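Subject: Handing over the model

Hello,

Here is the structure I promised to pass on to you. Please open it alongside this note, and then read on for what turned up in it.

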Amino acid sequence: MTDTYPPTSAITIIQAPRNLEIPDALRSDVRLLGELLGRVLIETGGKDLLDDVEKLRSLTIAAYENEDTAAFEDAEALVTSFSPERAEEVARAFTCYFHLVNLAEERHRVRVLQGRNPEPSEDVGASFTSTMNALVDELGEDGAQKMLDGLEFRPVLTAHPTEARRRAVASSIRRISELIATNDDPRLGEDVQAETKRTLLAEINVLFRTAPLRSTRPTPLDEVRTAMNIFDQTLFEAMPRIYRLIDDRLTGKAAGTLPPRSHSFVRFGSWIGADRDGNPNVTAKITRQAAAIQSEHVLLGLEHAASRVGRMLTLDAGDTAPSPELLQLWQRQRSLADELTSEIATRSPNEPHRRVVLMIAERIAATRGRNADLAYAGPDELLDDLHTVQDSLVAAGDKRSAYGEVQGLIWQVETFGFHLAELEVRQHSKVHRQALDELDRGVQPSEMTDEVLDVFRTIGALQSRYGVNAARRYIISFTQEVDDIANVHRLARYAFGDGETPVLDVIPLFETFNDLKNAPAILEKMIELPEVAKRLDETDRRLEVMLGYSDSSKDVGPVSATLTLYEAQDAIARWAERHSIRLTLFHGRGGAMGRGGGPANEAVLSQPPGSVDGRFKLTEQGEVIFAQYGNPTIALRHLEQIASATLLASSPSNGELNASAATTFADMAQVMDAASRERFYELVHADGFAPWFAEVTPQEEVGLLPLGSRPARRGLSVESLEDLRAIPWVFSWSQARINLAGWFGLGTALKAVGDRDQLQKAYREWPLFTTMIDNVQMSLAKTDARIAARYLQLGDRDDLAALVLDEMERTREWVLAATGSTELLDNRAVLQRAVRLRTPYVDALSLLQLRALRTLRGAATQETETTIDQARNLLLLSVNGVAAGLQNTG
């Protein structure tokens, strides 16, 4: 199908880049949404606004597709000519467009996953069925089932310090998403279609008119409630569906009549409201409130689910006789609340299973309301009641009810408990040392030390209220010696005096290059600590170790960090095997490439042998949470992929593949490590680098924006990289269209190897290298040399600017050499299409952001206060839009 430019009466997809196929269904959605947005622009700002948007759009497209320098310069001139008010309107128009395009692409992915509009898949692992078949071939039926029985996936939700979207905007986007899905139904009549499109137009109007900027910085509890939206909309219902999907694929036609082969292998964690490392806004009080909010949501969900299941179990006792155990359970329920059970019995005559489950729902409600007489003591007591119902149904011959709706409710309780997600406390090792110094000296504790001690008391209170699994993990940022681990237990004893301390699983977080290298030696001493040895005995020798991707990349560059992380995992896994420890490696991966992000399933498969062993845990951050779990169909696919990859990564054959490749390419890895690190140090250790970085990116301004509850830096100013958090480091380079954190040094590393045949062999045969190259392809594809050069001109350092641009070009050249491709992402057609469709539109927003930055950079001597305020507002609008367009921030 040949693309043509539409009339200037609407914003829509225009001529696609050469050799780029766009499925008709996707094209239709984007065209419709663009046309509706065009109408909104005319209605709100007049045709002049639409004309300005169209002019800028046409110029940036011509500049991108044809590498037209004149068009690019004309686009810059047009942006400069806009009044401040017009610049803001145009920025909002492009941002709104990106939100709509993202929804259209999400909808198309759902179509593909549902098989209605198939196109080549880029997913690793075609299905869970194929994964299990491969494991059966390798390990036999018993071996494959044993591996499945040990499967664990622990996603940990984290707040996003650079999340650019307001919750009101997110809610508007979700309503539009639902309308797009409705409009996609081919069964709709003309009247319903017309009404759907009218409602779509109204919702897009609301989206455009909703102020995209927060007026105040969100609090940690705001961030907790934002995460709860995903739980309410998707996760609660998705979890039994993923277990059911896997069981259906494994059991076939007998599914639903046999005990499930799939156990509830997902357990959620959360740092939101618990991660206090560098965030003074997260206090012990906030952590308690976060736990209460989570519990309220999950108990309400369980209450509604139990009530629904109870209403469905209209099974007559004559056909489905209750077991003696069920009758005993009913008598216990009657003794707790005779009047309530009498009312339920009246509504459920001769339906004993229905009566019991409806009473279970009432007890869950009482637990939520803290009615001590009727409340469950904990989720285990609830599970006992549900298993009694299930066993009674099986004994009565109704296996479909037992292993159907009742099993779904059991899975939900097992997955979420009464706490929804375990709150994992994190604090910096330096804070612990400072608090202990005061306590050991016997001086009056400072406010900081009192707060540190109160955190342990809060952990104890949460365990008493919601169960031990609600809060037992304690993560130590920047663990550098075994005393950092011992200090946590010492502080707990200070907090409780002679009383019993709460259960603590202390998790060392190794972040810097040196810390990763020293990890095995620290762990060797860690297991000699009495408190740790006791927990190992109590937990079947389970131990968790966290690896920091962000700071290691900022420390030595992305190439050396990737290689060092692999070596550290390999060394830790070997250490764990020597000590018969059941190791779980916790991957502190972010959403962006510069923070170790990228497709998690591919990353799992490239891990060293023994480092996964059926258990995978990682951080899921801000934007990633919404992308992976915001839509039920996509959430199911994501969970299926992770489960498949975790099992495949644990197979002997995958371990042998990675081990063999690591040996084969060891010399090449050493060359890459040395060359990339030298190149990275040449940049970041240059005199004046940190202030220059703050000048050529929006880093300083981003730190002032009300984007997240956590400060963007550790000190008052950025004099060195140590002052800057890894997330805004990545975010700022991303906003400047440079993405330096994701690729810098790789070009020099590949050139140092020099042998193109060797590089292509490594790309085919070395999973770690393949993943690294593919992640860099994604990162580089979102860069733009012309835009980057404009940002780099903001700083008076031609030497550093040249270093960045030279390395960008060198990396692009050698990545293509390693893949044997002519263009980036040639092996990722869907992703390539998404990037190329967005790039010219992101260019428009980048030019608007550059306008704002130039004004702010000259503000000290040239601009009025009003002009400065307008520039800051435009900057934040553009930050919002670029984040939506690139679909990754920090």
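One cut-off before we start: a residue counts as buried when its relative accessible area is under 20%. Please also keep in mind that this is a predicted model.

On one hand, β8 runs parallel to strand β7 (residues 542-548), and seven bridges join the two; here L543 stands opposite L583 of β8. On the other hand, β8 is joined to strand β9 (residues 615-621) by two bridges, again in parallel, with H587 opposite L618 of β9.

These strands belong to an open sheet of nine strands, whose order is β3-β2-β1-β9-β8-β7-β6-β5-β4, with parallel pairing. Which strands stand at the edges? They are β3 (422-423) and β4 (425-428); each has a single partner strand, so one side of each has no neighbour in the sheet. Helix α18 (residues 513-526) packs on this sheet, where it touches β6 (505-510) and β7, and its direction makes about 155° with that of β6.

Strand β1 deserves a look of its own. Seven of the seven residues of β1 are buried, so this strand too is largely enclosed by the rest of the structure. In a regular strand, side chains alternate between the two faces of the sheet. In β1, E152, R154, V156 and T158 point one way while F153, P155 and L157 point the other way, and all of them are buried. Strand β1 (residues 152-158) pairs with β9 in the parallel sense over seven bridges. Within that pairing, P155 stands opposite L618, and T158 has Q621 as its bridge partner. Strand β1 is also joined to β2 (residues 269-270), by two bridges and in parallel, with L157 opposite S270.

Now for the rings. How many aromatic pairs does the structure hold? There are 24 of them. One is formed by F689 and W692: this pair is tilted, at 5.9 Å centre to centre with 45° between the planes. The two residues are three apart in helix α27 (residues 689-696), so about one helical turn separates them. F689 is buried, with a relative accessible area of 2%, and W692 is buried as well, at 4%. Another pair joins W743 and F744, whose ring centres are 5.7 Å apart with the planes at 45°, so this pair is tilted too. W743 counts as buried at 0% relative accessibility, and F744 does at 1%. Elsewhere, ring pairs link F231, F236, F268, F416 and Y629 into a cluster.

R355 lies over the face of W330, at 4.8 Å from the ring centre. In the case of R363, the charged end sits over the ring of Y376, 4.0 Å from its centre.

Next, helix α31. Which residues of α31 (residues 746-753) are buried? They are L746, G747, T748, A749 and L750. These buried residues pack against several helices: α21 (558-578), α26 (666-684), α30 (740-743), α32 (756-765), α33 (767-781) and α35 (798-819). Just after α31 comes G754, which takes a positive phi of about 80°.

Last, a residue from the other part of the sequence. F72 lies in helix α2 (residues 69-81) and is buried, with a relative accessible area of 5%. Leaving aside residues up to four places away in sequence, F72 touches A63, R786, I787, R790 and L847. What separates F72 and L847 in sequence and in space? They are 775 residues apart in sequence, yet 9.7 Å apart in space, C-alpha to C-alpha.

Note on methods: Residues numbered from 1 in each chain as written. Predicted model: local features only at pLDDT ≥ 70, side-chain atom pairs only at ≥ 80, totals over all residues. Heavy atoms only, no water. Pairing = 2+ DSSP bridges. Helix = DSSP H or I, 4+ residues; strand = E, 2+ residues; numbered from the N terminus. Phe/Tyr/Trp six-rings, centres within 6.5 Å; stacked < 30°, edge-to-face > 60°. Buried < 20%, exposed > 50% of the residue type's maximum accessible area, 1.4 Å probe, protein only. Lys NZ or Arg CZ within 6 Å of the ring centre and 35° of its normal. Contact = heavy atoms within 4.5 Å. Axes fitted to C-alpha atoms, helices over the stretch in contact; angles between N-to-C directions.
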